[in-house]
Amino acid sequence: MRRTGALIAGFWTLAAAVVAAAGLQVTPLARDGRVYVSFELSDGFSDDLRAAMHSGLTTTFSYDVDLRRGATLWFDHTLASATVAASVKYDTLTRKYNLTRAVDGRIERADVTDSEDAARAWLTQVDKLALCATDTLEPNVEYYLRVRAHTSPRTAWFLWPWDRHEASGTAKFTLLR
């Protein structure tokens, strides 16, 4: 019984270390009547993911972004949300990377590059995503942004009984007017 408990505790420690190693740095910005969020997935691009991308598979990093307000007696309230999908498809014949970024299912931008570093940055960095208007928010109230990342194809498999995000990050801010 002790050994089983030690194995379970070791597993959760390892799983927490994997999620922490591939953390998200989240930066909120309220300016010009909008709430913007920038984030970067550090150490989220493994050798296995690189190999899958270079085989010609479409590699997608999906980010679920939520603007939330804490509640004292019930669940936190989600005020705005967006889903960002950054995809890279490597063309093995031309040796170019086809880049696509979609926000809530709409293609926002597409590009082609021959730089692997540019493709990696495309997958792991989002700069100033417009989330919502500030006039719908109350001033002098603390809000927080939560970003959760998922990758496809999945190159690692963990026995995770609930939420299947590979990494997550949060940042708090107070809206001042």
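User: Where does Tyr 63 pair in β4, what's its bridge partner?
Analyst: In β4, Tyr 63 has Val 84 as its bridge partner. Helices (H or I, at least four residues) and strands (E, at least two) are DSSP runs here, numbered from the N terminus. β3 and strand β4 (residues 77-91) run antiparallel, joined by 11 bridges.

User: Before I go on, what kind of model is this?
Analyst: This is a predicted model, where local features need pLDDT of at least 70 and side-chain atom pairs count only at pLDDT 80 or more, while totals for chains, interfaces and linings use all residues. Residues are numbered from 1 along each chain as its sequence is written, and side-chain values use heavy atoms, with hydrogens and water left out.

User: What's the mean pLDDT of the chain?
Analyst: The mean is 82, and 81% of the residues reach 70 or more. pLDDT is the predictor's confidence in each residue, from 0 to 100.

User: And where is confidence lowest, where highest?
Analyst: Lowest in helix α1 (residues 2-21), with a mean of 34, and highest in strand β5 (residues 96-103), at 97.

User: Which stretches stay under 50?
Analyst: Residues 1-21 do, and the model has 10 contacts for them beyond four places in sequence. Residues 157-163 also stay under 50, with 7 such contacts. Contact means heavy atoms within 4.5 Å. Where pLDDT is low, the predicted coordinates should not be read in detail.

User: OK, back to β3. How many bridges does it make with β8?
Analyst: Strand β3 (residues 59-69) and strand β8 (residues 142-152) pair over 10 bridges, in the antiparallel sense. Ser 62, for instance, has His 150 in β8 as its bridge partner.

User: What about β8 and β9, how many bridges there?
Analyst: 8 bridges join β8 to strand β9 (residues 167-174), and the two run antiparallel. There, Glu 142 is bridged to Thr 174 in β9.

User: So what's the strand order in that sheet?
Analyst: 6 strands make an open sheet, in the order β6-β5-β4-β3-β8-β9, with antiparallel pairing. The edge strands are β6 (106-113) and β9, each pairing on one side only. From one strand to the next, the twist averages 15°. Two strands pair if DSSP finds at least two bridges between them.

User: Which strands does helix α2 lie across?
Analyst: Helix α2 (residues 47-54) lies across β3, β4, β5 and β8, running at about 125° to β3. Helix α3 (residues 116-124) packs on the sheet too, touching β3, β4, β5 and β6, and its direction makes about 160° with that of β4. Axes are lines fitted to C-alpha atoms, for helices over the stretch in contact, and angles run from 0 to 180 degrees between N-to-C directions.

User: Glu 116 then, buried or exposed?
Analyst: Glu 116, which is found in helix α3, counts as buried because its relative accessibility is 18%. Buried means under 20% relative accessible area, exposed over 50%, partly exposed in between (1.4 Å probe, protein chains only).

User: What does Glu 116 touch?
Analyst: Leaving out residues up to four places away in sequence, Glu 116 touches Phe 45, Arg 50, His 54 and Tyr 97. The side chains of Glu 116 and Arg 50 are joined by a polar contact of 2.6 Å. A polar contact is a pair of N or O atoms within 3.5 Å; within protein, one must be able to donate a hydrogen and the other to accept it, and residues adjacent in sequence count only if both atoms are side-chain atoms.
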